[in-house]
Amino acid sequence: MYLNVHSHFSLRYGALSVEELVAQARAAGVEVLALTDINNTSAAYDFVKACRDAGIKPVVGIEFRAENQLRFIGLARNLQGFQELNEFLSHHLHQQEPLPENAPEFDHVYVIYPQGYHSPRSLRENEFVGVKSTEVRALFSSPFRQHQHKLVMLHPVTFKDKVSRNLHRLLVAIDRNTLLSKLNPEDYAGEDEYMLPMDQLLERYADYPGIVQNTRRVLEECNFEFEFGPSRNRSNFTGDRRDDRSLLRKLAYDGLRYRYGPDDRNHEARQRVDRELDIIDRLDFSSYFLITWDFVRYAQSRNFFHVGRGSGANSIVAYCMGITDVDPIELDLYFERFLNPHRTSPPDFDIDFSWRDRDEVIDYVFKRYGTRHTAMLATYNTFQSRSVIRELGKVFGLPKEEIDNLVAQRKHPSTPDHISKLIWRYGERLHGMPNHLGVHPGGILISDRPINAVTATSVPPKGFPITHFDMFVAEDVGLYKFDILSQRGLGHIRDAGDLIHENRGQRIDLHDVQAFKKDTKVREQLESGKTMGCFYVESPAMRQLLTKLQCKTYVELVAASSIIRPGVAKSGMMREYIFRHNNPDKFEHLHPKMGELMAETYGVMVYQEDVIKVAHHFAGLGLGEADVLRRVMSGKYRNADDKFQRLQEKFFGNCQAKGYPQDVTQEVWRQIESFSGYSFSKAHSASFAVESYQSLFLKAHYPIEFMVAVINNFGGFYATEFYFHEARMAGATVHAPCINHSSYLTSLKDKDIWMGMIHLKSLGQEIGAGIPLERERNGPFRDLDDLVRRVPVGLEQLVILIRIGALRFTGLSKKALLWRAHLAFAATPDRKQSTVLFAPPPSQFSLPNLPDDELEDIYDQVEILGYPIVSPFSLLAEAPARALAAKAMIRYLNQQVIMVGYLVTTKHVRTSNGKSMFFGNFLDRGGAMFDTVHFPNSFEGNPFVGGGIYELVGKIVEDFGVPALEVSKMRRLSLKGDPRRV
């Protein structure tokens, strides 16, 4: 009878997992166990399930603490009591109010106070005082001796042995951010807070059998009768299930005509819509579709761009309702992958919005469905190996240098001192333990009953309440999440559309993806890999893949979007797919069944669905088992190791029974394993490909507007410098920031790009945004004095603006402007801004001729922006040897050449024997990109030494028609000296 046990979800305090607690309780002969984590309910449902499996009655409660002082313990007598506890805790967490010493008047909760805070007569009927086993002897002199009916046993459990007690003390020190040696005894649990066998525990209270009976009665009256499985989601959208069904059917049919044309031309689509609607209704998911449609509709009313992806893109109903832009008939996507009676997990839509718009959509959902019924999902942020070493190093008092050394070694040092031994020992134990609650990237729950009926909620910095459990527990509880996510790719698509309208007066229907798929310029761009800036297809590896495949169609891009993933690529299946795509008559299937199941991808497993197909049709696993295997492989299944082992054994057993050769079975399983954690569903790849096509269309027809949008969203694969370069290659003129032309973000007028103030390092947002705002309110700036008078710019900020050329419209040289700036601030250091109708004439100074120097200007750009606005090749001090241009590489296959390139990006990988090698990406003097390979034997003697321009010597090689330079030697070329340093 333990009514105060802590799991490790008593964050930075408890040292035991739920599994460890329950196993200990079973070994100790405990029949009833109460979990009371400190100000937290994360472990409640896992605890209930574990106790039921172990034959122990679970009781759920909360230990309320304020500033490490125990206020009281609340035990839920029933589910209503659990809601009361959750509401009380949530209120104080939301309002950041300190917890009171006295509990409120709960109706379905037992309250246990520590000794010393309450008199017997002050306790309500449902309130007791807990007596620790170490306090029993003192009862003879306590006023409670005559009121034993108000006493219960209180033996907290926080750890299990000396080692886990030390772990507990380390957790407390980490939480306090203090040295272990500075902790006071009252900061951490007593040394007896471990679980005793029941007979030993009862023996400690033998002189007071009434206390034992009280404890037994309290626990007997607590019943957490929670039923796992039934849905607790919002059950309807309109208020009535029949009305939901009718509305969903109407919306689906309206969209059917929009997507597929008149009724006489959409027979196949109509049949599929009817079939899906029937399944949706039978499984009671009409409200799920309608709620998703509702917030997508709101986003569209606000002109927010979105992409619906994930398994939800398998649904033609979702396509017709405008939730997704993926045509499932075109791609032969199975609705049952999204929703079917055999599926072991709930469905979910992944709806992406621009990073600027997502929070407003989430805010709408909370306001529309009510904060009492809506919450964001939590994640469990756990201690990780490197961070644990740092935390332990600090509590042991090690200096930063020694901590860095420990982190760098990673493995156990060969000759450690005793502190290092302790850090490594306890670091291993802490690894993977929950550290604090985080927020799921976009998972939202909408419940029929108040959220506090199933969990307490906290409020992180963004202000939306979060549950105390994660997505896995939510599924167990019967709550299915809506994913409202963000990405910068959507931001640049939306912004490009707005820029096209502003700059050219044209409106683009960015959802007309069918037209984009047929566009000749888009196809040429895709086939040639000219995709810089385009969502998901701009990296050097992806550009190479598109070129190797000669990718021409949407279907081919869908496959490419999946095979680029690490699992498929690492297994060798990406290379095999490229070969088979280019040589469809020169390969044999591993087994005829594989070719039959995956004819579209040449018998190569590319998508998550392929795991289901192979597991079910090839190996004979049930559809439910095949779906579990898919989830395990994609990292979306808890406690996966045991399940994975059982499925693996059944897979091999079934294949043996079917008579497959052992080597074939092993190779098929190896290919399945390669998907682990990385594979995409086909619908997910299709959704990404839709977004890629939207980007490709914009870049093909409106390249300058598109690149400005990419620059302003700061989320591309490459550094900003190279997007400006790409805009220049498309015919734009890029201007340095100017106080009379630039906005805070980069702006566009015709083909003139004005760099935004945001790109100026150290200028600060207040000044960078304030200058264009003041110009918009009161007109252009006349000169330096006018700027200083109207904007609260300091001398350092003014110098930055002058050096970047932001006042060049004055006609004065930078040196002259710097003189004026220093003289102005020396004369009146304390300035107040004002706007006057008739500004005084600028001060006149007689200055010598101080001309600008072009090389100084370039170095100013490098220092302030991080890169030059002009060609970096203009900085070269030496004339390199005659270099091969990127466009000529394919004509020099297997020949030794010299190339000169400005470094764009590198990718580090390790060979099978653990050695480092690199892939490089460079710009040649003409602005064209080329790729390089640096094998270990070359790289060790010719490493990269930072950015700059390199002379590269090596052999031109090709892979499926794509050339690259296999580098044998390279050196960074010297630049002209900085004249400012003379």
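Reader: In which sense do strand 11 and strand 14 pair, and over how many bridges?

Author: This is a predicted model, where local features need pLDDT of at least 70, side-chain atom pairs count only at pLDDT 80 or more, and totals for chains, interfaces and linings use all residues. Residues are numbered from 1 along each chain as its sequence is written, and side-chain values use heavy atoms, with hydrogens and water left out. Strands (E, at least two residues) and helices (H or I, at least four) are DSSP runs, numbered from the N terminus. Two strands pair if DSSP finds at least two bridges between them. Here strand 11 and strand 14 (residues 482-487) pair in the antiparallel sense over two bridges. Gly443 stands opposite Asp483 in strand 14.

Reader: How many bridges join strand 10 to strand 11?

Author: Eight, and the two strands run antiparallel. Strand 10 spans residues 374-382. Tyr380 has Leu437 in strand 11 as its bridge partner.

Reader: How many residues of strand 11 are buried?

Author: Buried means under 20% relative accessible area, exposed over 50%, partly exposed in between (1.4 Å probe, protein chains only). In strand 11 (residues 434-446), 10 of the 13 residues are buried.

Reader: Why is helix 19 described as largely enclosed?

Author: Eight of its 10 residues (540-549) are buried, so the rest of the structure largely encloses helix 19. Among them are Pro540, Met542 and Arg543. Gln550 follows helix 19, with a positive phi near 50°.

Reader: How many disulfides does the count come to?

Author: A disulfide is a pair of cysteine sulfur atoms within 2.5 Å. The count is zero. Cys320 is buried at 6% relative accessible area. Cys738 is buried at 2%.
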